[in-house]
Amino acid sequence: MQKFSAIEYHRPDLAQIHALIDQTAQILRTAPDAEHALAAFTDYRTQSAAFETMYSVAHIRSTMDTTDPFYEAEMNFFHENLPALSVREKTVTQAVLTSPFRDAFAQHFGTPWLRRLESAQRLADEAIIPEQIEQAKLEQAYAKTVAGCSVSFRGETCNFYALLRHMQNPDRSIRRAAFTAWSELYRSVSDTLDEQYSALVQLRCRMAQKLGYPSYIEMAYEMHGRYDYSPANIAAFRDEVRRVITPVCTELFEQQRRRLHVDRLHWYDEALVFPQGNPVPRGTVAQLLDAAQKMYRALSVQTGEFFDFMKQYELFDLPSRPGKHMGGYCSYLPSLNAPFIFSNFNGTSADVDVLTHEAGHAFASFTAAKFVPLSDLIWSTNEINEIHSMTMELFTYPWMDLFFGEQAEQYCYAHLCQCLCVIPYLCCVDEFQHKVFENPAMTPAQRRAAWRQSEQSLMPWRDYEGSDFLQSGGFWMQKQHIFLYPFYYIDYALAQLCAFSLFDAYQTDRQAAWQRYLALCRAGGTMGYFQTLQSAGLTPLFQPGAIEAAVIPIARQLLRANL
């Protein structure tokens, strides 16, 4: 394998892919036995993995520089052709689902995999190809809008991420000024973002209507593979978060207010956990990677092998820079069995948060690839995948001195606080999206009011004084998941509570907890949601008392900390 920068990209030959699909469908329809059918399908997925790898390369490189005209054109190529390709692939899916050897497929790849194929049949339809193409273009336009935002602040050209760093400055006047610049930057593009989101909402509702779903909510749940629970279960989950977690967070923020010696805790104060300044990682990007390599070699044999591989082939893009896509993610190059980690380091502890989080995803895919029979099964559903990443953040606490030195204990406290206190916000994003798609004709002002209502209910401590834009409900705009990955956010809340359960066990018996985590990673997407949780000894969070059982040990640990 080559280093990522040396991987040669070439646009896939669509005619060749179409021929492969048609040939595979015919073989599956006429296969004399299960052995021939399974071999034909496995060969098809191996060959089509090359197409998916080129897509991943183009996507990664387009996010590394959203102003690159070549990869922007390549992503347009994929956006314009993938919907029709998905429809054509239905012939293969249909051949599997109607095969006389369906039971053999279920035995080899698992019943949940067949269920996902059935969903793919419903979701891929020629009727919605125009909307899918337009949606992809709007999403790309949104990404360019936010990636192109910058402002001069204290002699530095700052994007949104760089301004967040200044909101951790011990000098409150600097935090306030950074907050003002940050909110003004969003306000300046708010009309554009409102237009883009309104168009996305209408497109998504139109697709759901064409496919016969009662609303886009039901369509989104099927897209995310949420077969084991419903919107009603999630609504009940959010209410439990209000009841159980919001009061704990309110008390933690009150402790923070007293620690900072301020009369009122404003939003620009929330990120500063300690009055003398938050712990910051020490060293360059290269030095942080070296520290991570030491950490992962010490954590386990498996993680050591994984990170050595990532470092050898330079499967990272970490520093923030102008024109780079916001956020962080983990991608996967299926024909190379290689994950890729993307981030926006800004010189704060979030750099380590994102590195360990995305490394959790990357390790899970790297591990599952050795155990699952098909690349389709490397990933599970999002609420399982996020357990991989969030647990990895917590399991690496014993080695935080490699990044933070004598401030390691402070980092772990601040990080654990953040893990707990973000859960109401995650629920706020989810509730907002349910409200929007229950009433898709909302005006921008009504959307802001809906956001503010949920925010005040789930996060009563939040104070945006100094910004009328945010005080009226504009904060929702800063979450890219709302634009790009609708309904993919509650997964983090579900996963975080499972990660807390594993971490509680880890503090008692590190080796036993690691084996539970390893079982979760090895399972990939071979099982359903509840069955996968069971494989790691985890309790579904919809059971009575499950949220309290996961949260109470963590809440006690934080509330009793003397920092």
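**Close-up views of helix and sheet packing**

**View 1. Helix H14 meets helix H15.** H14 and helix H15 (residues 350-368) pack with their axes 10 Å apart, at an angle of about 105 degrees. Axes here are lines fitted to C-alpha atoms, for helices over the stretch in contact, and angles run from 0 to 180 degrees between N-to-C directions. H14 and H15 are therefore roughly perpendicular to each other (65 to 115 degrees; under 35 counts as roughly parallel, over 145 as roughly antiparallel, and the rest as oblique). From H14, the contact (heavy atoms within 4.5 Å) is made by Gln302, Thr303, Glu305, Phe306, Phe309 and Met310, and from H15 by Ala359, Ala362, Phe363 and Phe366. These residues divide into 7 nonpolar, 2 polar and 1 charged, where Ala, Val, Leu, Ile, Met, Phe, Trp, Tyr, Cys and Pro count as nonpolar, Asp, Glu, Lys and Arg as charged, and the others, Gly among them, as polar.

A word on the model: it is predicted, so local features need pLDDT of at least 70 and side-chain atom pairs count only at pLDDT 80 or more, while totals for chains, interfaces and linings use all residues. Residues are numbered from 1 along each chain as its sequence is written, and side-chain values use heavy atoms, with hydrogens and water left out.

**View 2. The open sheet E3-E5-E4.** Three strands in this order form an open sheet with mixed pairing. Helices (H or I, at least four residues) and strands (E, at least two) are DSSP runs, numbered from the N terminus, and two strands pair if DSSP finds at least two bridges between them. At the edges, pairing on one side only, are strand E3 (316-319) and strand E4 (329-333). Neighbouring strands are turned by 15 degrees against each other on average, direction ignored. E4 and strand E5 (residues 338-345) pair in the antiparallel sense over 5 bridges; look for tyrosine 332, whose bridge partner in E5 is proline 339.

**View 3. Helices on the sheet.** H2 packs on the sheet and touches E3, E4 and E5, with its direction at about 150 degrees to that of E4. Helix H14 (residues 301-312) lies across E3 and E5 and runs at about 75 degrees to E5.

**View 4. Helix H2 alongside helix H3.** The axes of H2 (residues 34-64) and H3 (residues 69-97) come within 11 Å and cross at roughly 160 degrees, which makes H2 roughly antiparallel to H3. Among the contact residues are Phe41, Tyr44 and Phe51 of H2, and Tyr71, Glu74 and Met75 of H3. The residues of this contact divide into 13 nonpolar, 2 polar and 3 charged.
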